Amino acid sequence: MKLYIKNYSSYRSDLEDIDIKQVLKQKYKLDTRRQDDFIHLALYGAQLLKEKTVIHADDELYVTSAYGDVDVVQRTNTYVNKEKQPVKLFDFINLLGNTTSYYVARSLNISGKNIFQISDNFTYINSLISLYASIKNSQKDAILCAIDLVSTPDEVSKRVLGVKEDIEIVSGVNYQKFSLDAKDAIAEVEFDIKTYSLDEVNTMLKKENRTVLSSIRCMKLQCSKESKFFETLASYALNSAMKKNEDMIYIDCFEEKYKILKLKSLK
Amino acid sequence: MNAYINTYELLCNAGDTKSLMEAVYSKESALVIDNSYIEDATAGLGKMDYEDIFSVMDEVTAKVLEASNLENFHKTLLILGSSVGGMQECEQIFYNENSFKNIDPDRYSMNALSDHLMKTFHFYDTRALSTACTSSANALLLAKRLIEVEAYDNVLVMGVDGLCYSTVLGFYALSVLADKKCTPFDTHRNGMNVAEAVAALLVQNVKGSDAIELKGVGASSDAYHMTNPDPEAGGAIASMRDAIADAGLEIEDIDYVNAHGTATIANDKVESLAIEKIFGKNVYVSSTKAITGHTLGAAGAVEAIVSCEVLKHAMIPPQTGLEELENKNINVPIQSIKMNVQNIISNSFAFGGNNTSIVFGV
């Protein structure tokens with residue numbers, strides 16, 4: 001399976017310390033009321049993408065995340081079960097996955113199909129497969145938003161992700177606009193549904209001269225790893241390589257199975 | 001590559017597939033009036049009797065596997081649609097302990113349900129979709145597309161949602177929760193009933209002896225308003241037209257619309273308008289939510305099974321609870337109609353204008 005990337009946008013909380021809500025209000029003139037930080041983060045990435053590429057009304061939208069908006073889940077539970085209060089209307093609405101998709105679609109003026117896919121295993125690669133299968137039929141372009149927001153404190157996020165206490169997890173939002181058409185593309189990405197064993201990956205890597213990066217979930221794999229973690233790191237890794245016009249291989253792992261993304265820069 | 005639904009099963013407030021269809025055709029609502037969720041108020045709900053939602057999923061999944069042509073699910077993709085995932089158990093623990101400390105992270109998040117099934121049945125891979133009330137309809141859509149590109153031969157689509165305080169109180173806060181059994185398309189309807197269900201459909205690239213074809217899928221996002229549909233019904237019309245076109249059919253080929261039909265003022269008004277604009281009175285329409293209630297993320301899968309059963313029974317289901325039809329320009333039967341049913345379209349609509357329509361046929 002192969003897709004072309006028309007453009008991308010990136011934000012990581014550990015690399016840039018900004019007040020996203022203020023930027024959305026002041027720079028992009030967006031109404032930020034009744035929305036949580038998770039939605040603000042998604043909207044910020046969308047605005048960065050909008051500045052760099054043409055968005056079509058019929059573009060499809062995919063939003064993917066490891067665990068969604070943990071803060072609103074905890075807040076709702078606290079109101080209902082601890083404080084015996086009714087559910088607050090906009091907490092309930094923000095609890096739903098497609099609320100984020102709605103705000104992003106609205107801010108980008110798109111009316112194509114939108115899907116919110118959530119998982120803590122191969123989150124990004126599996127979303128790419130879904131997106132590919134869909135646009136192979138529709139022949140439209142698709143936007144993929146990969147987003148993870150660390151809850152405060154980060155204990156719950158780490159427990160859900162199953163990562164060790166001493167691992168630093170960060171918030172991030174990374175977008176790409178994908179197409180089946182190579183025209184004006186800045187990179188191509190290849191992937192498939194196949195999962196590999198550690199031996200198969202190691203054999204493959206022996207013949208590889210591209211930059212190889214892996215998730216910290218790939219504990220047994222000897223290659224460069226990001227010291228910090230968020231589940232959709234693969235999306236950031238692609239964007240980072242495209243920024244440097246580099247070719248790259250990214251490897252993710254879940255329960256001893258490996259999946260591979262191959263990026264080729266076209267610039 | 002075509003996609004076929006070769007076997008399926010569900011459990012809901014009306015029981016299994018067989019019991020549900022008996023209730024649908026005899027117009028016996030399985031909804032109950034409950035006063036345990038909301039202080040000083042009652043609500044019509046679709047409740048099941050079980051230990052925990054995870055064991056219900058195991059039971060339904062095992063039944064589908066047993067009825068299938070597969071020995072196991074090791075080469076099958078699982079796509080599970082749910083609006084709240086493991087919220088029910090998370091709420092119960094928090095309610096008892098006033099703390100998140102003992103919540104098992106593996107049974108908490110949106111994808112906790114698919115992770116559980118992955119560990120029990122060893123699927124090749126999983127996806128968890130959460131687009132509120134279109135979750136499992138979108139899972140069916142994705143299953144069809146993945147089979148078309150030959151990524152997978154077998155996809156188990158599941159729709160799962162268990163009743164929890166967050167959803168019941170959330171819809172109550174939105175003032176759309178009915179205090180009695182819901183009456184879709186009725187002039188005097190007063191809202192929806194939150195409900196729960198587990199439904200599973202095995203979608204394959206080979207046609208079994210008793211197969212229903214998953215002929216077409218369509219989706220749109222009107223992004224008109226966070227909780228209200230586009231009053232001109234643009235999104236609903238687009239998803240239905242896309243699904244019919246994807247199936248390679250004409251509008252007149254559709255025999256029955258299994259409507260989203262939640263019985264909220266907004267949904268039924270706009271969905272009726274969409275059906276009127278596309279079909280006029282030339283197609284039968286009814287909503288089985290008058291029997292099951294609105295099973296939220298499971299609704300798409302539940303109503304896909306109802307659609308498959310309607311094709312097999314060759315009998316259009318009547319509208320339970322209807323006394324006075326609001327939109328007289330659509331054709332809502334109050335008695336079952338025996339006829340040769342070739343193609344059915346099933347609608348699922350969700351907050352944020354997330355619309356999905358699916359065409360099933362023989």
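Strand E3 (residues 43-46) of chain B is joined to E7(B) by two bridges, and the two strands run parallel. Strands here, marked E, are DSSP runs of at least two residues, and helices, marked H or I, are DSSP runs of at least four, both numbered from the N terminus. Two strands count as paired if DSSP finds at least two bridges between them. The model is predicted: local features need pLDDT of at least 70, side-chain atom pairs count only at pLDDT 80 or more, and totals for chains, interfaces and linings use all residues. Residues are numbered from 1 along each chain as its sequence is written, while chains are lettered from A and ligands numbered from 1 in the order in which they are written.

**Contact between chains A and B**

- Chain A gives 44 residues to the contact and chain B gives 45 residues, where two residues are in contact if their C-beta atoms, placed from the backbone, lie within 7 Å.
- On the chain A side, the elements giving two or more residues are helix H3 (70-82), helix H4 (89-95), helix H5 (97-108), strand E3 (114-118), helix H6 (123-138) and helix H7 (155-161) of chain A.
- The residues of that side divide into 19 nonpolar, 19 polar and six charged.
- In this count Ala, Val, Leu, Ile, Met, Phe, Trp, Tyr, Cys and Pro are nonpolar, Asp, Glu, Lys and Arg are charged, and the others, Gly among them, are polar.
- Strand pairing also links the chains: two bridges join E3(A) to strand E5 (residues 125-129) of chain B, and the strands run antiparallel.
- In that pairing, A:Gln117 stands opposite B:Leu129.

**Domains of chain A**

- Chain A is assigned domain 1 (2-187) and domain 2 (192-265), with bounds that come from an automatic or database domain assignment.
- The C-alpha centres of the two domains lie 22 Å apart.
- Across the boundary, 30 residues of domain 1 of chain A are in contact with 20 residues of domain 2 of chain A.
- The domain 1 side draws two or more residues from each of strand E1 (2-12), strand E2 (60-65), H6, strand E4 (142-148) and strand E5 (172-179) of chain A.
- That side divides into 16 nonpolar, nine polar and five charged residues.

**Nonpolar core**

- The largest nonpolar core has 215 residues, of which A:Ala42, A:Cys145, B:Ala143 and B:Val157 touch the most other members.
- Such a core is a set of buried Ala, Val, Leu, Ile, Met, Phe, Trp, Tyr and Cys residues joined through C-beta atoms within 7 Å.
- A residue is buried if 20 or more other C-beta atoms lie within 10 Å of its own, exposed if 12 or fewer, and partly exposed in between, with C-beta atoms placed from the backbone.
- Helix H10 (residues 299-313) of chain B supplies the largest share of this core, nine residues.
- Domain 1 (2-187) and domain 2 (192-265) of chain A both give residues to the core, so it lies between them.
- Beyond its neighbours within four places in sequence, B:Ala143 is in contact with B:Ala3, B:Ile79, B:Val155, B:Val157 and B:Val203.

**Strands of chain A**

- E1(A) is mostly covered, with nine of its eleven residues buried.
- E1(A) pairs antiparallel with E5(A) over eight bridges, and A:Ser10 stands opposite A:Asn174 in E5(A).
- E1(A) also pairs antiparallel with strand E6 (residues 187-190) of chain A over four bridges, where A:Lys2 has A:Glu190 as its bridge partner.
- Strand E7 (residues 211-214) of chain A pairs parallel with strand E9 (residues 248-254) of chain A over four bridges, and A:Thr211 stands opposite A:Met248.

**Two mostly covered helices**

- In helix H9 (residues 233-243) of chain A, ten of the eleven residues are buried.
- A:Asn245 follows H9(A) and has a positive phi, near 55°.
- In H7(B), ten of its 13 residues are buried.
- The cover over the buried residues of H7(B) includes strand E9 (212-221), helix H8 (265-279), strand E14 (343-350) and strand E15 (354-361) of chain B.
- B:Gly248 follows H7(B) and has a positive phi, near 70°.
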